[in-house]
Amino acid sequence: MTDTPRRPLVAGNWKMHPPDRATAVSLARDVAAATRGLEVDIVLCPPAVWLDAIGAALDGTPIRVGAQNLHAQDSGAFTGEISAPMLLGVADHVIVGHSERRRLFGETDADVAAKVGAAIEHGIVPIVAVGESAEERRAGQTEAVITRQLVAALSGVDELDGSALVVAYEPVWAIGTGDAASGDDAQAGAALIRALLAGRDPGAAAAVRVLYGGSVAPDLASTYFGQPDIDGALVGGASLDAEAFAAIVRAAAG
């Protein structure tokens, strides 16, 4: 890892996996055993139905638990949704604005902003995902898309707190495709994110951890973690394999 005061962070987004509770608990315990003693913050984001079980499995370890989504309202007639107050005690991080939520479930920039505000209001750290599609990248719109998404996501945040926010640069064209970004491309996205944050608050921008996500694999992890503005990773598929995930965490530890 580069010489930076920001402690590395590696988060695992399990998405709609594994297939059952016992496997999920076993995976969490295996990750804890494989990463014991590493100076890296780790957040595991299982499906919501297993948040409590994973928290119990990780009790006594430094690994934190995160949710994959939340609703912007504290309560109401929103069938199937989970609010920030409901997450208190079972998750202290939450992924917000993932491209799959935007693309498959129609989440808008305004929706993401409302969710970010709800998370921060209740003391849950949002991991805000931003990134361009393949079409947007080919059209030379990468910078415009990242800027629009991040500015919108933080539009309801009056004061930035570097310890209460994580941003993940996740180019959509790299997520689950095996077509990972190069180190230079990942750094360019992360540097833009930090510059945008610095426009709001230079001190907070220096403290916010910026992650790279998108087909993160053990053999490429060090390529990203050697970049000056990348402080870790938001890992998808590889987070379902304890040894692969641990290898990424070890790369982050340097």
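Predicted model: local features only at pLDDT ≥ 70, side-chain atom pairs only at ≥ 80, totals over all residues.
**Exercise 1.** Determine how the strands of the barrel are arranged, and then examine the pairing of E6 with E7.

*Solution.* Begin with the whole barrel, which is closed, has eight strands in the order E1-E2-E3-E4-E5-E6-E7-E8, and shows parallel pairing. From one strand to the next, the twist averages 25 degrees.

**Exercise 2.** Classify the packing of helix H5 against helix H7, and state which residues make the contact.

*Solution.* First take the geometry: the axes of H5 (residues 109-121) and H7 (residues 142-153) come within 8 Å and cross at roughly 40 degrees. Because angles under 35 degrees count as roughly parallel and 65 to 115 as roughly perpendicular, the two helices are oblique to each other. Next, list the contact, to which H5 gives Asp-109, Val-112, Ala-113 and Val-116, while H7 gives Arg-148, Gln-149, Ala-152 and Ala-153. Sorted by class, these are five nonpolar, one polar and two charged residues.

**Exercise 3.** Carry out the corresponding analysis for helices H10 and H11.

*Solution.* The axes of H10 (residues 218-225) and H11 (residues 242-253) lie 9 Å apart at an angle of about 25 degrees, and H10 is therefore roughly parallel to H11. The crossing is right-handed. Pro-218, Ala-221, Ser-222 and Phe-225 of H10 meet Ala-244, Ala-247, Ile-248, Ala-251 and Ala-252 of H11, a contact with eight nonpolar residues, one polar and no charged.

How values were computed. Residues numbered from 1 in each chain as written. Heavy atoms only, no water. Axes fitted to C-alpha atoms, helices over the stretch in contact; angles between N-to-C directions. Helix = DSSP H or I, 4+ residues; strand = E, 2+ residues; numbered from the N terminus. Parallel < 35°, antiparallel > 145°, perpendicular 65-115°, else oblique. Contact = heavy atoms within 4.5 Å. Nonpolar A, V, L, I, M, F, W, Y, C, P; charged D, E, K, R; others polar. Pairing = 2+ DSSP bridges. Left-handed = near helix turned anticlockwise from the far one by under 90°.
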